[in-house]
Amino acid sequence: MSLQTISWEQFEQVELRVGTITRAEKFPKANKPAYKLWVDFGDDIGIKKSSAQITDLYSTTDLIDKQVVGVVNFPPKKIGPFISECLITGFHRNDGNVVLAVPDKNIPNGSKLS
């Protein structure tokens, strides 16, 4: 695997922020099993919506009040009838399931990854 080198300035352009999931619903109209999420990224950013293909390891009730790391400065993306406004980050396991990237301690919503 060849890794592409990026500059520090390029990394600084990616707004990776912590948010808390306040609402999670099944998304039956998605092509692949997914949830619709509403994530509170704090007063400056507010609540952003996301579609996440994480149904194999998480239930909607597991997700409420969970802090996650999301990219908040991507342009909105239409996924079926839903507009996703941020990308919730995670790691693919060998079986293809996604494990969410989460802070190991509770921190204020909107905190930037550094």
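Thr-20 belongs to strand E1, which covers residues 16-26. The model is predicted. Three aromatic pairs are present, and the largest pocket holds about 700 Å³ of space.

**Thr-20**

- Thr-20 has a relative accessibility of 13%, so Thr-20 counts as buried, because buried means under 20%.
- The side chain of Thr-20 makes a polar contact with the side chain of Asn-109, at 2.7 Å.
- Setting aside neighbours within four places in sequence, Thr-20 is in contact with Trp-38, Val-39, Asp-40, Asp-65, Lys-66, Gln-67 and Asn-109.

**Aromatic pairs**

- The structure holds three aromatic pairs.
- In one of them, Trp-8 and Phe-11 have ring centres 5.4 Å apart and planes at 45°, so this pair is tilted.
- Helix H1, residues 8-13, contains both Trp-8 and Phe-11. The two are three residues apart, about one turn of the helix.
- Trp-8 is exposed, with a relative accessible area of 54%. Phe-11 is partly exposed, at 29%.
- Phe-27, Trp-38 and Phe-82 form a cluster linked by ring pairs.

**Charges over rings**

- Two members of that cluster, Trp-38 and Phe-82, come up again here.
- Arg-23 lies over the face of Trp-38, 3.8 Å from the ring centre.
- Lys-49 has its charged end over the ring of Phe-82, 5.3 Å from the ring's centre.

**Largest pocket**

- The space in the largest pocket is about 700 Å³.
- The lining has 31 residues. Closest to the pocket centre are Ser-51, Ala-52, Gln-53, Ile-79 and Leu-87.

**Gly-90**

- Gly-90 is partly exposed, with a relative accessible area of 33%.
- Gly-70 and Gly-90 are 20 residues apart in sequence. Their C-alpha atoms are 9.1 Å apart in space.
- Beyond neighbours within four places in sequence, Gly-90 is in contact with Val-98, Val-99, Leu-100 and Ala-101.

Terms used. Residues numbered from 1 in each chain as written. Predicted model: local features only at pLDDT ≥ 70, side-chain atom pairs only at ≥ 80, totals over all residues. Heavy atoms only, no water. Helix = DSSP H or I, 4+ residues; strand = E, 2+ residues; numbered from the N terminus. Buried < 20%, exposed > 50% of the residue type's maximum accessible area, 1.4 Å probe, protein only. Polar contact = N/O pair within 3.5 Å; in protein donor to acceptor, adjacent residues only side chain to side chain. Contact = heavy atoms within 4.5 Å. Phe/Tyr/Trp six-rings, centres within 6.5 Å; stacked < 30°, edge-to-face > 60°. Lys NZ or Arg CZ within 6 Å of the ring centre and 35° of its normal. 1 Å grid on protein atoms, 1.4 Å probe; cavity = no way out; pocket = protein on both sides within 12 Å on 5 of 7 lines; lining within 4 Å. Points joined across faces, edges and corners; volume = space filled by probe spheres on them.
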